[in-house]
Amino acid sequence: MDITVNILLTIATAATPLLIAAIGELVVERSGVLNLGVEGMMIMGAVGGFGAGYLTGSPWIGLLAAIALGAVFSLLFAVMTLSLATNQVATGLSLTLLGLGLSGMMGTSFVGQPGARLPNLDIPGLTAIPVIGRLLFGQDPIFYISIALTAAVMWFLFKTRTGLTLRSIGDSHTSAHALGIQVIRYRYLAVIFGGACAGLAGGHLSLVYTPQWVENMTAGRGWIALALVVFASWRPWRVLAGAYIFGAVWIGQLHAQAFGIPVPSQLLSSLPYLATIVVLVLISRNKRLTMMNTPASLGQPFVPDR
Amino acid sequence: MKKLLIALMTAAAALSLAATAEAQEKLKACWVYTGPIGDFGYSYQHDQGRLDVEKALGDKVETAYLENVSEGPDADRAFERLAREGCKIIFGTSFGFMDPEVKVAKKFPDVMFEHATGYKTAENLGIYNARFYEGRYILGQIAAKQSKSGVAGYIVSFPIPEVVMGINSFMLGAQSIKPDFKAKIVWVNSWFDPGKEADAAKALFDQGADIIVQHTDSTAPLQVAEERGLQGFGQSSDMIKFAPKAQLTSIVDDWGPYYIGRVKAALDGTWKPGNVWLGIKDGAVKMAPYTNMPDDVKAMAEATEKKIIDGWNPFTGPIAKQDGTPWLKDGEVADDATLLGMNFYVKGVDDKLPQ
C-alpha cells in the first residue's frame with residue numbers, strides 16, 4: 001500500500017508544473033493570443049524562485065518571486081505582440097530563447113548551491129491518516145494551488161460574464177472590438193496571468209520538484225504544457241486529465257524499468273507522449289465540439305482602428 | 001545625438017581593432033559542451049578545466065566555448081563555426097561529438113582537434129578519456145557494504161560503452177563484497193533532466209533499492225536520497241552540499257592538468273594527436289572524501305583506491321559475461337580497446353542491454 005501512495009505522490013509532483021503552466025496558457029489562448037514563450041517564462045520563474053528563496057532563506061518569498069518574474073517576463077511579450085502587433089509565433093519563440101539565456105546568466109552564482117524547499121503540508125491528525133492522509137493533506141502547497149487554479153479557471157471561463165467576454169475576444173477580436181470591448185486590455189491581463197502561471201510552474205521545479213538551480217532545468221516542460229493545451233482542445237478539465245495521464249505514464253515507465261520489464265527503454269521513454277496524445281485525441285474526437293472550443297482568432301495580431 | 005553615435009562608433013572600431021591585434025598574438029583554444037556549464041556535473045567540470053587553462057596560460061591563450069550543443073548532426077555546425085572563428089585547438093567533450101568532429105577535422109587540417117570519451121582518431125584529431133570505471137568499482141564495494149536491502153538503484157543515460165563499462169565495474173566491485181548483490185537499472189535517455197532523474201530515483205527507492213548510483217549529470221537523485229534518509233553517490237563533482245547526510249563519495253573529474261598540458265603543446269608546436277586514458281593515478285579521476293560510512297568501509301575504499309593507483313585494473317579475470325560464458329581468464333586483464341567498445345554486461349547484471 002505504501003508503494004502505491006508513494007507512486008501517486010510522485011505522479012502528482014510530476015504533473016503539477018505541467019498542469020499549472022498549461023492552465024495559464026489555456027487562458028492566454030482562449031483570449032486569442034498564442035504565446036510560445038512558456039518554456040522561457042517557466043525557466044525565469046525557476047531562477048527567480050530559487051534565487052529569492054536562496055538569498056532570503058524563505059521558500060515562500062521564492063514562490064512569490066517566481067510568480068512575479070514570470071508575469072514581468074510575459075509583459076515583454078504583451079508589449080511586443082499587443083501594443084506593437086509583432087508576429088506572435090516569432091515573438092514567443094524569441095521569448096523562450098531569451099528566457100533560457102537570461103536565466104542562465106542570472107543564475108551563475110546559484111549553481112552548486114542547495115536552496116530552500118517548500119515544506120509539505122502537515123496537519124496534525126489528518127496527515128497521519130493511513131493512505132489518504134498523505135495524499136489529501138500531505139502534499140506540497142503548489143499541488144493544492146494547481147487544483148484550485150484549475151477549478152477557478154473553469155468557473156471563470158464558463159460561469160462568469162468576464163470569462164464569456166474573454167472567450168468572445170478569442171473567437172473574433174473584430175466583433176468584440178465593434179461591441180466596445182477593450183480587446184487589448186483583456187489580452188494584456190490574460191498574457192500576464194499566463195506568465196504568472198508559467199512562473200509558478202517554474203518555481204515548483206526549483207522549490208519543490210528538484211530544489212536546486214541548474215541551467216535548462218525545465219528540460220522542455222514548457223513545450224509539453226503547450227502541446228497539452230492544444231490536445232486538450234482548450235478545456236481546463238482535459239488539461240488536468242492530460243497532465244495527470246502524462247505524469248502517470250512518465251512515472252509508470254520508470255517503475256516498469258526498475259521492475260525489469262523487458263521492453264526497450266527508448267520505447268518506454270516515448271510512451272508518456274504517445275499515451276497523452278492518443279487519450280486526448282480520443283476525448284476530443286467530436287469535431288464539431290472541438291471546432292467550437294478552438295479560439296478562432298488564435299495567433300492573429302489585432303490593431304484596433306481609432 | 002549624432003555626435004554621440006559617432007563617438008560610439010569610433011570607440012567600437014577602436015575596440016574591434018584592439019581585439020584583432022590581440023587575437024593575432026594569442027592562441028585561441030575552444031571547447032564544445034553538450035550540457036550547460038551550469039549543470040554542476042560533467043560539463044561544469046570540463047569548464048573548470050578551461051578556466052584552469054586561462055589561469056595558467058592566460059597571457060598567451062584566449063578561450064571560448066559553446067554549451068548546450070546537442071549530439072549528432074547539429075554538432076557539425078558548432079565545430080565548424082569555431083574552426084572558422086580562428087580556434088586553433090578545439091576540445092569536443094562528449095561521446096556523441098565523435099563523428100561530427102572526425103568530419104570537421106578533415107575539413108580543417110590546420111586546426112588541432114581533441115575528442116573526449118570516443119575511439120576514432122585522425123591526423124589532426126586526438127582522443128582523451130578518464131578511467132571513471134576505476135572509481136565505479138570503489139562505489140560498488142561501498143554500496144555492497146552500506147546497503148541493507150542488497151539492492152542498489154542505478155540511473156543511466158544512454159547505452160554507450162562508457163556507461164556499460166561503468167555498470168559492469170560497479171557490479172564487479174559490489175560482487176567482490178556480496179556475491180548476490182543486485183542493481184536495478186533505469187534508463188532515462190537523457191544526460192541531464194533533473195526532474196526525470198529525481199523521478200527515477202524515487203521509483204528505484206520505492207522498489208526497494210536503498211543506495212542510488214547515477215550516470216547522469218544532475219544533483220537531483222542525491223537530493224531525493226537525502227530527503228528519504230537513504231544514501232547515494234555524487235557524479236562528476238563533489239555534491240556533498242546537496243546531500244550532507246546522503247553522499248558517500250563522488251567521482252570527481254579533474255581535466256585541468258590535461259588541458260593545460262595540451263594547450264601548452266599547441267603553443268610550443270609540439271602537439272600531436274594522442275590517445276590517452278587517464279585514471280586515478282594521473283589525478284584526472286578523484287574520489288571525493290569518503291563520508292557517512294563506518295571507518296572499516298572507509299578503510300576498505302581507501303585500500304582499493306591505493307591498489308588501483310598501484311596499477312591494478314578492476315577488469316581483471318576471472319570474469320564471465322552476463323550469459324555465463326567466460327570472458328577473461330584468471331589473472332587476465334581486459335585491453336583498453338575492448339573496454340572502450342564495451343557492449344555487453346558481466347555476470348550478475350539484472351538488465352537487458354538496450355541495443
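Two residues are in contact if their C-beta atoms, placed from the backbone, lie within 7 Å. Keep in mind that this is a predicted model, where local features need pLDDT of at least 70, side-chain atom pairs count only at pLDDT 80 or more, and totals for chains, interfaces and linings use all residues. Residues are numbered from 1 along each chain as its sequence is written, while chains are lettered from A and ligands numbered from 1 in the order in which they are written.

**Exercise 1.** Work out what share of the contacts in chain A with a separation of 6 or more comes from residues 24 or more positions apart.

*Solution.* Start with the elements: chain A has 13 helices and zero strands (DSSP runs, H or I of at least four residues for helices, E of at least two for strands). Next, the radius of gyration of chain A, taken over C-alpha atoms, is 20 Å, close to the 19 Å that the globule rule (2.2 Å times the number of residues to the power 0.38) gives for 306 residues, so chain A is as compact as a globular protein of that length.

**Exercise 2.** Find how chain B is split into domains, and what the contact between them takes from each.

*Solution.* First, the automatic or database assignment gives domain 1 (2-131 + 255-282) and domain 2 (132-253 + 286-340) of chain B. Then look at the contact: 18 residues come from domain 1 of chain B and 20 residues from domain 2 of chain B. On the domain 1 side, helix H2 (residues 42-57) of chain B gives the most, with three residues.
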